[in-house]
Amino acid sequence: MTDVVLPCLNEAAALPWLLDRMPPGYRAILADNGSTDGSPDVARRLGARVIDVPDRGYGAAVHAGVLAADPADGVVCVLDADGSFDPADLPRLADPVRAGDADLVCGRRRPASVAAWPVHARLGNAVLARRIRRDTGLPVHDIAPIRALRRDALLGLELRDRRFGYPLELLLGAARAEWRVREVDVVYHPRAAGTRSKVTGTVRGTLRAVRDMRAVLAR
């Protein structure tokens, strides 16, 4: 059984569709980061495992979820809990890792509409991805929040960021460890109605994420 970590903060409206789309052999772990909209109760009712993550931050939620994942399968997936990604895409990311053909497979977002990925967020992402390609040689074009990799290898990187810089630190750590990194195109949908992005939903959120990522680059 492959565990799927869902970092979550107030995503109750998205969870029924998301959890219903989880492919066979994949099990959801909702890493709840202080939701006040009943997300944990919804997730439990729909069969997901729920862990409480009192330390706020995207990286904190992902790290706690990875620690909670069963090491037996070896592979762990991560994707946002807001309905912007289809869990049915997860085997396309996990299978190359399981087969030993890649160490990390990331989704490259292909927006279903302009509304799915606002221009300010897309530009900030492109700038950071270009810098990673230049500085590390990794063939990445997206600092994407959907990925698959081996649990023990991820924990071995000893990532420190617990905020929005976590995905960037992961890529930099993968480059230092000389991991084989791939990208797979995935459709990026508008968030589920009734949820709000902590990053792309506002310019302020995007700037906060860019700040966190720049702090990682400056280490």
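Modeller: Two strands are said to pair if DSSP finds at least two bridges between them. Strands themselves are DSSP runs of E with at least two residues, while helices are runs of H or I with at least four, both numbered from the N terminus. The model is a predicted one, in which local features need pLDDT of at least 70 and side-chain atom pairs count only at pLDDT 80 or more, whereas totals for chains, interfaces and linings use all residues. Residues are numbered from 1 along each chain as its sequence is written, and side-chain values use heavy atoms, with hydrogens and water left out.

The chain contains eight helices and seven strands. Seven strands form an open sheet with mixed pairing, in the order β3-β2-β1-β4-β6-β5-β7. At its edges stand β3 (49-52) and β7 (181-188); each has a single partner strand, so one side of each lacks a neighbour in the sheet. From one strand to the next, the twist averages 20°.

Within this sheet, β1 pairs with strand β2 (residues 26-32) in the parallel sense, over seven bridges. Asp3 stands opposite Arg27 of β2. Helix α3 (residues 58-68) packs on the sheet and touches β1, β2, β3, β4 (75-78) and β6 (147-150), a contact being heavy atoms within 4.5 Å. The direction of α3 makes about 155° with that of β1; axes are lines fitted to C-alpha atoms, for helices over the stretch in contact, and angles run from 0 to 180 degrees between N-to-C directions.

Strand β1 (residues 2-8) includes Thr2. Thr2 counts as buried because its relative accessibility is 3%, and buried means under 20% relative accessible area (1.4 Å probe, protein chains only). Leaving aside residues up to four places away in sequence, Thr2 touches Gly25, Tyr26, Arg27, Asp73, Val75, Cys77 and Arg98.

For the chain as a whole, buried residues make up 55% of the 219 residues. Among contacts with a separation of 6 or more, 74% join residues 24 or more positions apart. Burial also marks helix α7 (residues 166-176), which is mostly covered, with nine of its eleven residues buried. Among them are Tyr166, Pro167, Leu168 and Glu169. Glu178, which follows α7, has a positive phi, near 60°.

Key. Buried means under 20% relative accessible area, exposed over 50%, partly exposed in between (1.4 Å probe, protein chains only).
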